[in-house]
Amino acid sequence: MPPEKQTVSCESCGKSFKPTGIGPHRKSCLRRIHKTHEDSAHFDLLRQQGERSRGRLAVDNDPYSATGSSTAANTGPAPEPAVLWPMVVDFESAASVVGADDPVDAVEPEADINVDDIRVEYHPNAGKPTVTVPFTEFSRGHAPKSYTPDPCTAPWYPFRTRLDFDLSEFICGATLNREQINFILKLSRCFRTEECTLETYNDLESTWRATSHRMTTFQESVISVPFAGETMEFEVHYRSLWDWASDLLKDTSVGLYFIFNAQCLSKFDGSSFIRFIDEPWTADNFWNVQSDLPPDGKVLAFILYADKAKLSSFGRQKGYPVVARLANLPTWIRNGEGLGGGRVVGWLPIVNEDKRYSGKTSFANFKNLIWHESFKKILDTVSVYSKNGCWVTCWDGVLRRLFPTILILSADYEEQAVMALIRGVMSHHPCLVCLIHQNEISKFPTNCELRTSENISKTLQEVRSQNRADEKEQILIEQGLRDVDSAFCAVMNMDVYRALCWDRLHANCAGSFGDHLWGELLKILEKMGRQTMGKTERNINAMPHWHGLNHFEEALSISYTDGQKLEDLSKIIVFACHDILPRETEKDGYLLLHCLCAYVEFDLYTALELHTTHTLTAGREALHTFNSLIQKYAEQTQHTGKNWNFPKNHTHMHVFDDIEAKGVTRNFNTKPNEKMHGPLKQAYQKQTNFKDVAQQILHVDHLRLISEHIQCKIKEYDSYRMFRVATNMDTVNIAVDEPEEEYFHVKLGSQVKEPLTFEDIEKKSIADNAFNRFRGKLSEFLNKYFVFAGKPLPGEKHIQFQRNDTITEYHFVKVNFESTINWCQYMDYLCSHPKFHGHPRYDSVLIKTQQNDIFGRLILLFQCVVGGEAFPLALIQPYDAPIGQRLQKDKHLNFWRVRERPRGSSEIISVHSIIRGALLYPDHTRAGEYLVVDTIDTDMFLRVQMMHKTAGHH
């Protein structure tokens with residue numbers, strides 16, 4: 001049968017498909033449009049009702065919102081959808097997209113400007129005018145280049161069949177040893193779907209070797225350094241940074257996401273344009289580097305990370321990987337695990353401790369020298385092009401003159417001290433980027449002299465001009481430096497002290513909290529006795545489960561080293577201890593709670609995925625509050641001997657400067673890099689013979705890179721086969737699965753098989769008042785909906801349900817919501833289940849009404865069909881009862897308190913009224929009252945902050 005060449009266009013979106021694929025797509029497309037219209041209609045109803053009534057929306061009219069009256073003292077007005085700044089992030093639009101490096105049709109700045117419009121100011125060297133676009137049209141990326149498969153080579157080449165590659169990829173990812181691989185390959189010969197031609201481990205290895213050249217491989221070099229009358233030799237393994245980056249620049253699946261021109265982005269708030277920063281190219285340093293280049297030069301910015309990794313279970317065997325990422329790629333690719341994500345590009349030598357020299361300055365200098373000589377081998381591959389640039393033909397066939405630079409150095413303090421060539425925590429000037437004295441590091445001076453590569457170079461020249469060793473050492477001690485040549489000197493357009501970054505993982509989660517605040521709290525609780533410790537454990541365990549948040553059952557008896565667990569613990573500990581440490585009797589403990597609250601607020605500001613000038617100001621204020629409270633706590637607890645004068649505490653003062661210079665903290669957080677230690681450890685334990693492990697581990701890592709590269713080619717090929725005109729290579733029919741629906745606001749799941757009758761529900765009301773008058777509430781809800789929406793009632797009669805009528809119950813709902821931080825879509829997974837993993841779980845939600853956003857708890861998720869129309873609904877218990885005057889404790893700890901209404905006051909809402917999920921913690925000292933856990937994520941934090949502001953709490 002000849003290849004099928006006919007295509008069919010979708011009536012809804014206009015895209016072309018093969019006749020075999022148009023059916024499933026059309027269903028998905030229509031569902032998506034229906035859901036979009038459903039959500040739009042819902043918000044239109046809310047807006048219309050806002051013009052007709054100033055009361056609660058659902059009281060008299062729209063049943064799509066919660067019913068009943070509200071006089072909540074702590075509820076703020078719900079922002080209109082426009083106020084939430086929805087962002088369309090469309091990296092794959094076929095049309096030109098604003099923010100890409102391709103030419104665009106400019107919209108003149110003098111044109112009419114509306115609230116939320118985005119202004120994009122390009123670097124002058126880009127040769128592009130400033131544009132102002134409506135927010136709904138704002139997107140960033142490139143138009144993808146059309147893909148045509150190579151008619152001569154299959155994308156899985158040199159594997160003989162696709163099954164060969166799929167099996168090889170699985171084996172590589174499963175970290176199997178030689179015996180296990182031979183067994184799997186022997187078993188594979190029993191497959192019937194497609195022939196597997198691989199027979200033995202040697203077959204597999206030879207095929208991997210045949211394809212290893214596709215991506216930049218590792219090379220080995222030996223460095224020789226004299227010490228104590230001997231010449232020491234060390235092996236260093238590295239990939240060419242330039243060749244690795246060139247591989248990605250030429251790859252069609254990754255290349256189209258590169259951004260080469262710096263941008264200044266701002267958003268119109270009704271009176272002025274407010275700048276916002278997220279990616280590195282929207283921050284200052286990227287702009288400044290491009291200003292130093294020739295007009296035709298483009299920045300190729302590297303992010304480098306280095307840290308030792310424990311490979312064996314007890315840490316006796318260690319490795320020293322160097323990981324590279326490209327700052328020109330968006331975060332979701334750069335910090336991801338695919339082809340464009342982080343890649344091991346080096347393996348540094350580790351100098352073993354020698355008791356003869358341990359603790360001596362000469363030996364510390366020797367280790368620093370080894371590090372920089374080794375790292376220089378990695379940097380040599382880009383430093384040669386950093387002065388004059390290099391022309392590269394990229395994925396789109398365009399020739400670009402690229403200037404490589406090191407924009408960000410990401411590491412823990414100990415590694416950064418080596419990079420900066422300072423003497424560490426005990427030196428006179430322990431800060432990595434400024435010259436504050438050791439005795440002053442607990443203070444945050446407004447003006448402090450910064451280190452620069454230029455002034456450090458001058459200091460070292462002065463040192464080397466001295467004739468006497470003691471004079472040299474005295475200058476070095478005063479400056480806290482080491483007399484070693486920096487590996488970074490050869491790279492142009494960079495200053496190592498501007499590339500060093502504050503690290504949230506080690507400075508906050510595992511630093512300020514894990515090493516200090518948490519330890520202080522444990523001391524206070526232990527002093528209070530076992531009863532208090534037990535109550536605290538119960539309080540922590542009483543925190544409701546939440547998707548993505550660790551649940552702790554024995555938090556006080558376990559020593560945590562995992563930064564994520566420490567971060568999650570910091571988010572909940574104030575809520576768990578607020579009734580443990582009363583202000584009247586536990587003054588130190590209560591002040592420490594105040595410090596913890598200020599710390600969490602500061603930490604959440606540092607974690608924001610996007611910063612504006614307003615949030616940067618608020619973050620600096622939060623830092624000032626936290627530092628003031630720590631100073632107060634240090635003075636109040638001097639008798640304990642606790643020293644708060646440590647460098648990581650001081651580094652907080654530089655974090656918001658780093659954000660302005662290099663983008664938000666996730667651009668330089670070490671967390672995604674430390675996550676890569678896991679696969680390296682697995683490779684060591686399962687795929688090496690524990691001798692000369694560096695080469696074996698890096699070989700496995702290279703296989704993973706090759707596997708990702710081939711997988712990208714196969715995905716492109718599959719997409720082409722499915723959605724483009726078939727080529728002569730198409731000889732196999734492709735089975736098209738119905739695609740999963742991508743765009744929705746809410747989606748019910750976990751359907752109960754047996755329908756639920758109203759008679760069954762009425763029986764529930766005997767034990768639970770929440771189900772009282774359920775049938776009547778539902779009838780009233782739907783009758784009001786039809787009237788308000790202007791639709792005729794089914795059968796032109798008021799809706800009345802009979803006892804044997806049924807509804808469909810669900811136990812789960814997914815809610816897509818738009819972040820108030822970066823305007824992207826995120827998802828909450830919410831349960832309404834009587835026995836979720838053996839325990840009842842009924843999650844809380846934030847609900848949109850015309851006047852207020854209110855909190856409530858899910859009681860029942862269900863779907864009701866009336867007149868052929870399905871209504872996804874929820875029975876909820878509102879948490880909007882009056883709470884009276886705000887407590888002094890709530891002011892100090894910045895709590896947002898809500899109170900539940902009686903179960904009998906339950907209400908029916910449309911699930912479309914759910915804005916997002918919420919986590920509510922019961923206040924054990926005040927029955928029926930709950931504290932909103934605003935620390936679960938940055939979006940909830942900012943929403944509650946806005947509620948506080950509206951309520952006049954700040």
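Biologist: Which residue in E16 does Ile277 stand opposite?
Modeller: Ile277 stands opposite His611. This is a predicted model: local features need pLDDT of at least 70, side-chain atom pairs count only at pLDDT 80 or more, and totals for chains, interfaces and linings use all residues. Residues are numbered from 1 along each chain as its sequence is written, and side-chain values use heavy atoms, without hydrogens and water.

Biologist: How do you know that E8 pairs with E16?
Modeller: Two bridges join strand E8 (residues 273-277) to E16. Pairing needs at least two bridges found by DSSP, so E8 and E16 pair. They run antiparallel. Strands (E, at least two residues) and helices (H or I, at least four) are DSSP runs, numbered from the N terminus.

Biologist: What is the strand order of the open sheet?
Modeller: The order is E4-E3-E7-E8-E16, with antiparallel pairing.

Biologist: Why is one side of E4 and of E16 left without a neighbour in the sheet?
Modeller: Strand E4 (131-133) and strand E16 (611-612) each have a single partner strand, so they stand at the edges.

Biologist: Why are helices H15 and H17 called oblique?
Modeller: The axes of H15 (residues 504-528) and H17 (residues 563-577) cross at roughly 45° and come within 9 Å. Under 35 degrees is roughly parallel, over 145 roughly antiparallel, 65 to 115 roughly perpendicular, and the rest oblique. H15 and H17 are therefore oblique to each other. Phe513 and Leu521 of H15 are among the residues making the contact (heavy atoms within 4.5 Å), and Ile573 of H17 is another of them.

Biologist: Which residues is Leu521 in contact with, leaving aside neighbours within four places in sequence?
Modeller: Leu521 is in contact with Ile573, Cys577, Leu581, Leu592 and Leu596.

Terms used. Axes fitted to C-alpha atoms, helices over the stretch in contact; angles between N-to-C directions.
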